[in-house]
Each structure stands twice: as C-alpha cells, then as structure tokens.
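Q: I would like to go through this model with you, one topic at a time. Could we begin with the whole chain and then turn to its parts?

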Amino acid sequence: IALVDEVRYQPLAITMFGAGLIALAISAVAFALAWSHSGNRSHRWAAWPLATLMALFLPQFFLSSLWRMAYGVAYLAAALLFARSTVVHSGYNDSGR
C-alpha cells in the first residue's frame with residue numbers, strides 16, 4: 001500500500017496522464033465540431049453534451065465520490081442521446097423488413 005502513492009504521483013506518470021486527458025478533451029471538441037458541420041441538420045447539436053462531458057473528464061477527478069457518480073450518470077445519458085441521434089441520422093429502421 002505504501003508503494004501506491006509513490007507510483008501514482010510519480011512525475012512522469014502524472015504528466016502523461018494529464019497530457020492524455022487534455023488530448024482527449026481536444027479531440028472531443030474536434031469531434032463535436034465535425035459532427036455539427038456534418039450534413040445532418042436536425043441533430044447537429046447531439047455531439048456537444050457528450051463532448052462537453054469528455055472535456056470535463058480530468059476535472060471530475062477532483063470532485064467527491066457523489067459528484068463523480070453524478071458525472072458518470074450524465075456521461076451515460078449524453079452517450080445514449082448521441083447514440084440515438086446517430087441511429088436517427090443513419091435512417092436505420094428496425095422494423096424487420
């Protein structure tokens with residue numbers, strides 16, 4: 001157990017972790033911009049809730065456990081909303097025909 005803090009807070013490891021999460025935030029915004037500029041007019045906004053929560057992934061680590069769970073539920077809702085919009089956007093019909 002004493003080794004956990006030594007490994008977790010090692011300068012290179014924490015720098016790589018932070019850089020990766022910053023790259024995730026940048027790619028989330030780029031993804032939302034690309035989606036909103038796609039040809040889909042009715043669901044252009046659908047990627048923004050998910051991208052916003054992806055960009056907030058690093059700061060949520062500094063919240064209490066209750067708020068981190070709320071973040072997870074919000075992330076799930078945003079992902080489901082985006083998934084639903086992609087199904088509607090693709091014109092997929094599950095009527096069995």
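Q: What percentage of the residues of the protein chain count as buried?
A: This is a predicted model. In it, 21% of the 97 residues of the protein chain count as buried.

Q: And how many helices and strands are there?
A: The secondary structure comes to four helices and zero strands. Read from the N terminus, the order of the elements is α-α-α-α.

Q: What share of the contacts comes from residues 24 or more positions apart?
A: Among contacts in the protein chain with a separation of 6 or more, residues 24 or more positions apart account for 52%.

Q: Let us move to the helices. At what angle do the axes of H2 and H3 cross?
A: The axes of H2 and helix H3, which covers residues 47-55, cross at roughly 170° and come within 8 Å. Angles over 145 degrees count as roughly antiparallel, so H2 is roughly antiparallel to H3.

Q: Which residues make that contact?
A: On the side of H2, the contact includes Leu 24, Ala 25, Ala 28, Val 29 and Trp 35. On the side of H3, it is made by Ala 47, Trp 48, Ala 51, Met 54 and Ala 55.

Q: Which classes do they belong to?
A: The contact of H2 with H3 has 13 nonpolar residues, one polar residue and no charged residues.

Q: New topic: what is the volume of the largest pocket?
A: The largest pocket has a volume of about 220 Å³.

Q: Which residues line it?
A: The lining consists of Arg 8, Tyr 9, Ala 13, Ile 14, Phe 17, Gly 18, Leu 58, Phe 61 and Phe 62. By class, seven are nonpolar, one is polar and one is charged.

Q: Which helix gives the most to that lining?
A: Helix H2, residues 11-36, gives the most, with four residues.

Q: Now single residues. Where is Ile 22, and why is it classed as partly exposed?
A: Ile 22 is in helix H2.

Q: How far is Ile 22 from Phe 57?
A: Their C-alpha atoms are separated by 9.0 Å, while the two residues are 35 residues apart along the chain.

Q: What about Gly 72: where does that residue lie?
A: Gly 72 lies in helix H4, residues 65-90. Gly 72 is partly exposed, with a relative accessible area of 35%. From C-alpha to C-alpha, Gly 72 and Phe 57 are 9.7 Å apart in space, and they are 15 residues apart in sequence.

Key:
Residues are numbered from 1 along each chain as its sequence is written. This is a predicted model: local features need pLDDT of at least 70, side-chain atom pairs count only at pLDDT 80 or more; totals for chains, interfaces and linings use all residues. Side-chain values use heavy atoms; hydrogens and water are left out. On a 1 Å grid over the protein atoms alone, a cavity is a set of points where a 1.4 Å probe fits but cannot get out, and a pocket is an open set with protein on both sides within 12 Å along at least five of seven lines; lining residues have an atom within 4 Å of a point. Grid points are joined across faces, edges and corners, and a volume is the space filled by probe spheres set on the points. Helices (H or I, at least four residues) and strands (E, at least two) are DSSP runs, numbered from the N terminus. Ala, Val, Leu, Ile, Met, Phe, Trp, Tyr, Cys and Pro count as nonpolar, Asp, Glu, Lys and Arg as charged, and the others, Gly among them, as polar. Axes are lines fitted to C-alpha atoms, for helices over the stretch in contact, and angles run from 0 to 180 degrees between N-to-C directions. Angles under 35 degrees count as roughly parallel, over 145 as roughly antiparallel, 65 to 115 as roughly perpendicular and the rest as oblique. Contact means heavy atoms within 4.5 Å. Buried means under 20% relative accessible area, exposed over 50%, partly exposed in between (1.4 Å probe, protein chains only).
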